[in-house]
Amino acid sequence: SLLLGVQFTRQALADESEKRAELLRITEEAAAQIDRILKPVSQATTDLAARLTRGEIDAATVEPALRAMVHSNEAFFGGTVAYRPYGRDPDTRLYAPYFTRQAPASSPQPTQLGDDYDYTEPAPGALTDWYVKPMAEGGRDGWSPPYYDRALSKTMITHSAIFMSAGPTPQKNGVVTLD
């Protein structure tokens, strides 16, 4: 019976080792798949934010550049360039054109997020974290927690990349996002 106990223990340890190896393989595959989906999102937002910061894109060319970014990958749902208040021009408090890939032909593109809500104010349900967190003191590029967007009737996760204003004292001027 001691021999049976030893054999049972060895088999149990071998089974546990195989299960751990299988779980590790599944986890690594899932992480690689997530990376394949999410990396292009963060890369696209970071690239467009850098072009805005360098002045390669201005108020006149921001919408075509944003539309091109949103349509550059079928995994992208939609995106915006959301300026800080009066960051685009001194006469417009909020300016955040939003393009989506799946908009019906009858729906005007872009929509203005500032017409639906004040994206600069913290809101319940993480609705504005995509803008508020990166723009806060010490904030940086990154992913928002999942949130429900009432205007789109969708649960979203958003990557935001900060862009800076030009001039002698650059400051955060807004964020580029992709959902």
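**Helix, sheet and core in a predicted model**

Arg 25 and Glu 29 sit four residues apart in helix H1 (residues 2–54), a separation of about one helical turn. Helices here are DSSP runs of H or I with at least four residues, strands are runs of E with at least two, and both are numbered from the N terminus. The model is predicted: local features need pLDDT of at least 70, side-chain atom pairs count only at pLDDT 80 or more, and totals for chains, interfaces and linings use all residues. Numbering starts from 1 along each chain as its sequence is written, and side-chain values use heavy atoms, with hydrogens and water left out.

The side chains of Arg 25 and Glu 29 form a salt bridge, at 2.4 Å from N to O. The term denotes a side-chain nitrogen of Lys or Arg within 4 Å of a carboxyl oxygen of Asp or Glu. Side chains of opposite charge can pair when their charged atoms come close. Both partners are partly exposed: Arg 25 has a relative accessible area of 36%, and Glu 29 has one of 45%. Relative accessible area under 20% counts as buried, over 50% as exposed, and values in between as partly exposed (1.4 Å probe, protein chains only).

The structure holds six salt bridges. One of them joins Glu 56 to Arg 54, with the closest N and O atoms 2.6 Å apart. Glu 56 is partly exposed at 47%, whereas Arg 54 is exposed at 53%. Another salt bridge links Lys 133 to Asp 129, the closest N and O atoms being 3.7 Å apart. Lys 133 and Asp 129 are four residues apart in helix H4 (residues 129–135), about one helical turn. Asp 129 counts as buried, at 15% relative accessibility.

The strands come next. Six of them form an open sheet, in the order E3-E2-E1-E8-E7-E4, with antiparallel pairing. Strand E3 (111–112) and strand E4 (142–143) are the edges; each has a single partner strand, so one side of each is left without a neighbour in the sheet. Two strands are taken to pair if DSSP finds at least two bridges between them. Strands of a sheet pair through backbone hydrogen bonds, either parallel or antiparallel.

Strand E1 (residues 78–83) pairs with strand E2 (residues 97–100) in the antiparallel sense, over three bridges. Gly 78 faces Thr 100 of E2, and Gly 79 stands opposite Phe 99. E1 also pairs with E8, again antiparallel, over five bridges. In that pairing Tyr 83 stands opposite Gly 174.

E1 is mostly covered, with six of its six residues buried. The cover extends to both faces: Gly 78, Thr 80 and Ala 82 lie on one side, and Gly 79, Val 81 and Tyr 83 on the other. Thr 80, in strand E1, is buried at 1% relative accessibility. The side chain of Thr 80 reaches the backbone oxygen of Pro 97 at 2.6 Å. This is a polar contact (a pair of N or O atoms within 3.5 Å; within protein, one must be able to donate a hydrogen and the other to accept it, and residues adjacent in sequence count only if both atoms are side-chain atoms). Not counting residues up to four places away in sequence, Thr 80 touches residues including Leu 66, Trp 130 and Val 176; contact means heavy atoms within 4.5 Å.

The loop between E1 and E2 contains Tyr 86. Tyr 86 is not a glycine, yet has a positive phi of about 60°. Most residues other than glycine have a negative phi. Tyr 86 is partly exposed, at 45%.

Helix H2 (residues 62–70) has Val 62, Ala 65, Leu 66, Met 69 and Val 70 as its buried residues. They cover an arc of only 135° around the axis, which puts them on the same side of H2. The arc is that of the directions from the helix axis to the C-beta atoms.

A nonpolar core is a set of buried Ala, Val, Leu, Ile, Met, Phe, Trp, Tyr and Cys residues joined through side-chain atoms within 4.5 Å. The largest has 20 residues, and Leu 48, Leu 52, Val 81 and Val 176 make the most contacts inside it. H1, H2, E1, strand E7 (159–164) and strand E8 (172–178) each give two or more residues to this core. Leu 48 touches Ile 57, Ala 65, Leu 66, Met 69, Val 81 and Val 176, not counting residues up to four places away in sequence. Another core, of 18 residues, lies apart from the largest one; among its members are Ala 82, Ala 126, Tyr 131 and Met 135.
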